[in-house]
Amino acid sequence: MKQTPYYFYDLDLLHDTLNCLKSKIKGTDFKVHYAVKANNNGEILSTISRQGLGADCVSGGEIKWALDAGFAPEEIVFAGVGKTDEEIIYALENEVGMIHCESLQEIVVIDELAKERNTFAKIALRLNPNVNPLTHEKISTGLKENKFGLTSLEFEELIHLYPILNNVQIVGMHFHIGSQIHDMSVFVELCDRINELVPMFEEHIGPFQYLNVGGGLGIDYYEPNENPIPEFGSYFEVFKTCLDLPAGVPVHFELGRSIVGQCGSLHTKVLYIKKSEEKNFAVLDAGMTELLRPALYNAYHKMELLDAVTSEEMLYYDIVGPICESSDCFGKDILLPELKRGDIIAIQSCGAYAESMSLNYNGRDKVPSYMHSSKNLVPQEC
Ligand SMILES: *Cc1c(COP(=O)(O)O)cnc(C)c1O
């Protein structure tokens, strides 16, 4: 038996998800970039690059991973609110396709660094559309109070400065309003804002040639088995119907969670059961160091007992990890078949923001990952 804990990835589901996604954008000007930060496992990255998606990177390290996994430089976009000079130079030297800029100062720095290297950077402006994504506050990014994107004050200044910035070309706009979004009306509102901003861009900056609407499509953490593939159809339909762009402008998406979220789970062993007057605790060998989302965002992950169930009785448990933090808890009052020491639990929907967020806190080693693939994959529509 495998040493627990470990991440378990179902590459068949990843393939089905990618095939479904691609079938929904066939025949459009849409291009999907995979948000590497959701999961940078080498096998996952190379599977996605072989399927023809681009990569959305938020650091120099992620650019390197994407290049190593086979993504072409021109298919890579580089975003992030705090890019270091070294990272910008790395992006310029590797000729990544686009840099998404989040402040006026950053644009000036990119212009200087490009000039020193006798090169030229294509950039897009990340603007904050002030759209409420109706999701958890810690994964909201498109509200005025969030740190992301150029402020309108900076945009005004940029208009005056742009004529003397000779080593950057501003080709379009980038938005990303948040993550784990289920309400499609949020994306409708984003499209409305974009439609208002395009003429302003054309008036003050130049021809509008590139739009990136970010990512954020949610997955079903409550019923992952029933809904393994997200609502790509209705998601892309919103942008097909609501965007009003000059002809021929490509629309880029940066999806992370919705591509990889459901294909991974975290398998962990019950170390101890303990009871108090009020509660049953199940202490697992995985903790917030392998899956941070519950501690960070109060996120819910469905848990399943993997082995044959030996007891008819269902009991309520607080499912906790071994880390010395009270927030190291995967769920309170979770109804499961009676657990015993040695049982294996699969924590589901761990394909996104689990392995990539893992920590060494408490002297924890990085845990292994295993891939399942039936190999005879038939592309499936959805
Ligand atoms: C995190 C992030 C994404 C991906 O978000 P998902 O919710 O995983 O789709 C896309 N774009 C940017 C700029 C991001 O920071």
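Modeller: Glu223 and Lys302 form a salt bridge, with 3.7 Å between the closest N and O atoms. This is a predicted model: local features need pLDDT of at least 70, side-chain atom pairs count only at pLDDT 80 or more, and totals for chains, interfaces and linings use all residues. Residues are numbered from 1 along each chain as its sequence is written, and side-chain values use heavy atoms, leaving out hydrogens and water.

Colleague: Why is the pair Glu223 and Lys302 called a salt bridge?

Modeller: The term requires a side-chain nitrogen of Lys or Arg within 4 Å of a carboxyl oxygen of Asp or Glu. The distance here is 3.7 Å, so the pair qualifies.

Colleague: What are the bounds of domain 1 and domain 2?

Modeller: Domain 1 covers 11-260 and domain 2 covers 262-372. These bounds come from an automatic or database domain assignment. The domain centres, taken over C-alpha atoms, are 33 Å apart.

Colleague: What makes domain 1 and domain 2 count as being in contact?

Modeller: Contact means heavy atoms within 4.5 Å. By that rule, 25 residues of domain 1 are in contact with 20 of domain 2. The buried area is about 2200 Å², with carbon and sulfur atoms giving 53%. Buried area is the accessible area (1.4 Å probe) that two parts lose on being put together, summed over both.

Colleague: How many salt bridges are counted between domain 1 and domain 2?

Modeller: The count is one. Helices here are DSSP runs (H or I, at least four residues), and strands are E runs of at least two, numbered from the N terminus. H1 gives the largest share, four residues.

Colleague: Why is Glu102 called buried?

Modeller: Buried means under 20% relative accessible area, exposed over 50%, partly exposed in between (1.4 Å probe, protein chains only). Glu102 has 3%, so it is buried. Glu102 sits in the loop between strand S5 (98-101) and helix H5 (104-116).

Colleague: What makes Glu102 and Arg126 a polar contact?

Modeller: A polar contact is a pair of N or O atoms within 3.5 Å; within protein, one must be able to donate a hydrogen and the other to accept it, and residues adjacent in sequence count only if both atoms are side-chain atoms.

Colleague: Why is Gln180 called buried?

Modeller: Its relative accessible area is 15%, so Gln180 falls under the 20% limit. The Gln180 side chain makes a polar contact with that of His182 at 3.2 Å.
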